[in-house]
Amino acid sequence: MSAQPFELVELPIPETLDGPGGEDFAATVEVRNAVEEEVYGTPEFAYSAAELLPGWRNQEHEPKRLLTARVDGRLVARAVLQTSPQTPDTAWLQIQVAREARRRGIGAALHARLESWAREAGVVKLLGWGAHPEHPGERLEPPTGFGSIPAGNAEVAFLLAHGWRLEQVERCSRLVLPAEPGILARHLAEAEAAAGPDYRVVTWIDRVADDWVEDLALLWTRMSTDAPSAGMEEPEEVYTAERVRTEEQVALDGGRTRLFAAAEHIPTGRLAGFTVLDVPPETHRSVGQEDTLVLREHRGHRLGMLVKLANIAFLEREQPGHPAITTFNAEENRHMLAVNEAVGFTAIATEGAWRKDLAEVGSLTTAP
């Protein structure tokens, strides 16, 4: 493919996979899954097109544009630019190029086009995450001083050449299921004792009760500001009850189940912390550990450990048979990493969090 020209095409988001554009959307998901498996070293982060399409159709809170690259009509790369109506100065970028189509300028062209879109929208800060497969040699460390990535990787050279800087390193970890029941029971008992009589665990599947929907909205809002983000300076994303309900429906439309465990502060009846497991419909696939947060005013009671352990037990009761749980944590988030390590999570991959300030770039380059 090295001598063939390529074409950049923005892909309208299809209404259904069976209708116009559905086949092309599915092809972008195939590229995504192939690249994810290559860089993470596992197929555990693959999604079906049917699982992802509802999220793409929901453009109200997280508008996204999908750019593709084709060679001789075949889709070989995808690039995503996500913005936010609440924080129009920030955008999130992702580029994935199939292995056989690399080193011919496709990634650079996709990057230039997305940067052009971002500038046209008034964006001044780009953020992005990506896995960095391990290789020997020099290491690149973030300003946090926690973790490092291989400095000689091709994707690292690409990002540095295009004006990005590494701000944070995240660890991807896996817990093999079923978890060791003795370890879970011991840590759960310790967490319950530390939490004391003022807190209790509540669990639910998919839809939160009306009495707690505002609490969950607050927890997700605080997730955008309270989780360690180093120099990424993630903007606040305000959740409302309406947005919580919308995202519940998106998850349901994608065919996945979400299991929640939360800590209720009994004196007030309000939720003080929560955690979420994202469960695929097939039992041979791994479960994703999504957001976990304890409100700052309720920390110091081991509530993070309490809700995580409760949700693992909830998963084993309600959706048994999955091989593992995977999760991502900032390397400087030693408290949550210690919780994961105590439960039995082990590191399987490293991810970099990158930032590019467009205001620092002099002239705009445009894609061919």
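Modeller: Before we start, helices and strands here are DSSP runs, a helix having at least four residues and a strand at least two, and they are numbered from the N terminus. The model is predicted.

Colleague: Where is arginine 103, and is it buried or exposed?

Modeller: Arginine 103 lies in the loop between strand 4 (90-97) and helix 3 (106-120). Its phi is near 60°, a positive value in a residue other than glycine. Most residues other than glycine have a negative phi. Exposed means over 50% relative accessible area, and because arginine 103 has 82% relative accessibility, it counts as exposed.

Colleague: Which residues does the cis peptide bond join?

Modeller: Most peptide bonds are trans. Here omega is about -5° at a cis bond, and its proline sits in the loop between strand 8 (165-176) and helix 5 (181-195). The two residues joined are leucine 177 and proline 178.

Colleague: Which strands are the edges of the open sheet?

Modeller: The sheet has 12 strands with mixed pairing, in the order 1-2-3-4-5-14-8-13-12-11-10-9. An edge strand pairs on one side only, and that holds for strand 1 (6-10) and strand 9 (199-205).

Colleague: What is the average twist from one strand to the next, and which helix packs on strands 9 to 12?

Modeller: The twist averages 25° from one strand to the next. The helix touches strand 9, strand 10 (257-265), strand 11 and strand 12, and its direction makes about 80° with that of strand 11. That helix is helix 6 (residues 213-226).

Colleague: How are helix 1 and helix 2 oriented to each other?

Modeller: The axes of helix 1 (residues 22-40) and helix 2 (residues 49-57) come within 10 Å and cross at roughly 110°. The crossing is right-handed. Angles of 65 to 115 degrees count as roughly perpendicular, and therefore helix 1 and helix 2 are roughly perpendicular to each other.

Colleague: How many residues in the contact of helix 1 with helix 2 are charged?

Modeller: Phe25, Ala26, Val29 and Arg32 in helix 1 meet Ala49, Leu52, Leu53 and Trp56 in helix 2. Seven of the contact residues are nonpolar and no residue is polar, while the number of charged residues is one.

Terms used: Residues are numbered from 1 along each chain as its sequence is written. This is a predicted model: local features need pLDDT of at least 70, side-chain atom pairs count only at pLDDT 80 or more; totals for chains, interfaces and linings use all residues. Side-chain values use heavy atoms; hydrogens and water are left out. Two strands pair if DSSP finds at least two bridges between them. Axes are lines fitted to C-alpha atoms, for helices over the stretch in contact, and angles run from 0 to 180 degrees between N-to-C directions. Contact means heavy atoms within 4.5 Å. Angles under 35 degrees count as roughly parallel, over 145 as roughly antiparallel, 65 to 115 as roughly perpendicular and the rest as oblique. A crossing is left-handed if the near helix is turned anticlockwise from the far one by less than a right angle, and right-handed if clockwise. Ala, Val, Leu, Ile, Met, Phe, Trp, Tyr, Cys and Pro count as nonpolar, Asp, Glu, Lys and Arg as charged, and the others, Gly among them, as polar. Buried means under 20% relative accessible area, exposed over 50%, partly exposed in between (1.4 Å probe, protein chains only).
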